[in-house]
Amino acid sequence: MKYVEVTFTARPCTEIVTDVLAALTAEIGFESFVPVEGGMQAYIQQSQFDEEALKAVLADFPLPDIAITYTLAEPEDKDWNEEWEKNFFQPIVIDDRCVIHSTFHKDYPKAEYDIVINPQMAFGTGHHETTSSILGELLEADLKGKSVLDMGCGTSILAILASMRGADPVTAIDIDDWCVNNSRDNIALNHIDNITVELGDASLLEGRKPFDVIIANINRNILLNDLPAYAACMHSGSEIYMSGFYVEDIPAIREKGESLGMRFVHHREKHNWAAVKLVME
Ligand SMILES: C[S@@+](CC[C@H](N)C(=O)[O-])C[C@H]1O[C@@H](n2cnc3c(N)ncnc32)[C@H](O)[C@@H]1O
């Protein structure tokens, strides 16, 4: 089969940028994605390639202040999907207890919790330090019968593990409709029926009953801004796990939580990425 290889260069280039780019180009027929320095290579069958559609995707790119350019090449014939599977998303085991893999992985380690994530590049395959730190927290938390909110759910990987660990009911919210759709696919893939996925942000929380546990892996500024809305949905004893910021941001997050009546419990760090646990007093 003949493919077109498109090499994208993004400035600035972050994992979120390449994830969003992969998601959007997948919608116009691109099949496989390989991260490269400063961007990503993506592959599409020649018969499917429509350069005008690609230009429209880049012109409407949803993240602000990102410049994306591309070059085209005709690669040697091979199975680019297989190449992507090999290079991009390998099964991952968290704390020897939870394996995350995709439907295409045939050979992966067995574990107490087995999560299937559809490889459509929403943030949340378990490989990012922030995701794996919160997965580690969820493996240690007592979630049985607890109501859980996963804010910024991405693929819903965290909501899925929470549900597998007995949380009920689980609410997953993301501001990005693509993540909401991907979450629904992943929840079905894992045969879970107690997660409700909603499109939106912290404004959806107004007037809701408190949650026993809140998870929010987003970023420093959104967490600082939205923490009061999360706090309004917590009762005494509710736990909140947050990530998406660096170790040097912990004091700001901690201070904000404490100003809202929470007690700082502990933090984890991986490659300077932080995750914190606080409890509402
Ligand atoms: C770092 S990813 C985390 C995904 C997943 N929870 C994980 O741990 O791998 C952050 C997610 O938050 C979403 N997001 C960004 N701003 C948000 C907001 N204000 N409210 C809700 N979700 C938001 C993004 O669309 C993205 O899916």
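In which loop is His191 found? His191 lies in the loop between helix 6 (177-189) and strand 10 (195-199), where helices (H or I, at least four residues) and strands (E, at least two) are DSSP runs numbered from the N terminus. The phi angle of His191 is near 55 degrees, a positive value in a residue other than glycine. Most residues other than glycine have a negative phi, and most peptide bonds are trans.

The structure is a predicted model, in which local features need pLDDT of at least 70 and side-chain atom pairs count only at pLDDT 80 or more, while totals for chains, interfaces and linings use all residues. Residues are numbered from 1 along each chain as its sequence is written.

The secondary structure of the protein comprises eight helices and 14 strands. The C-alpha trace spans about 60 × 40 × 35 Å along its principal axes. For 281 residues, a compact globule would have a radius of gyration near 19 Å, and the 19 Å of the protein agrees with this; the radius is taken over C-alpha atoms, and the globule rule is 2.2 Å times the number of residues to the power 0.38.

Two cis peptide bonds are described here. One joins Arg11 and Pro12, with omega about -10 degrees, and Pro12 is located in the loop between strand 1 (3-11) and helix 1 (15-27). Another joins Asp168 and Pro169, with omega about -5 degrees; Pro169 is located in the loop between helix 5 and strand 9.

Around the ligand there are 22 residues, of which Gly124, Thr131, Gly152, Gly154 and Asp201 come nearest; a residue is near a molecule or strand if its C-beta atom, placed from the backbone, lies within 6 Å of it. At least two residues of this shell are supplied by each of helix 4 (129-140), helix 5 (157-164) and strand 9 (170-174). Helix 4 provides the largest share, three residues. The shell has twelve nonpolar, seven polar and three charged residues, with Ala, Val, Leu, Ile, Met, Phe, Trp, Tyr, Cys and Pro counted as nonpolar, Asp, Glu, Lys and Arg as charged, and the others, Gly among them, as polar.

The axes of helix 4 and helix 5 come within 10 Å and cross at roughly 15 degrees; axes are lines fitted to C-alpha atoms, for helices over the stretch in contact, and angles run from 0 to 180 degrees between N-to-C directions. Helix 4 is therefore roughly parallel to helix 5, a term for angles under 35 degrees. Thr131, Ile134, Leu135 and Leu138 of helix 4 make the contact with Ile157, Leu158, Leu161 and Ala162 of helix 5, residues being in contact if their C-beta atoms, placed from the backbone, lie within 7 Å. This contact has seven nonpolar, one polar and no charged residues.

Helix 7 (residues 220-231) and helix 8 (residues 250-259) pack at an angle of about 10 degrees, with their axes 10 Å apart. These two helices are therefore roughly parallel to each other. Leu223, Leu224 and Leu227 in helix 7 meet Ala252, Ile253, Lys256 and Gly257 in helix 8. By class, the contact of helix 7 with helix 8 has five nonpolar, one polar and one charged residues.

Methods:
Parallel < 35°, antiparallel > 145°, perpendicular 65-115°, else oblique. Contact = placed C-beta atoms within 7 Å.
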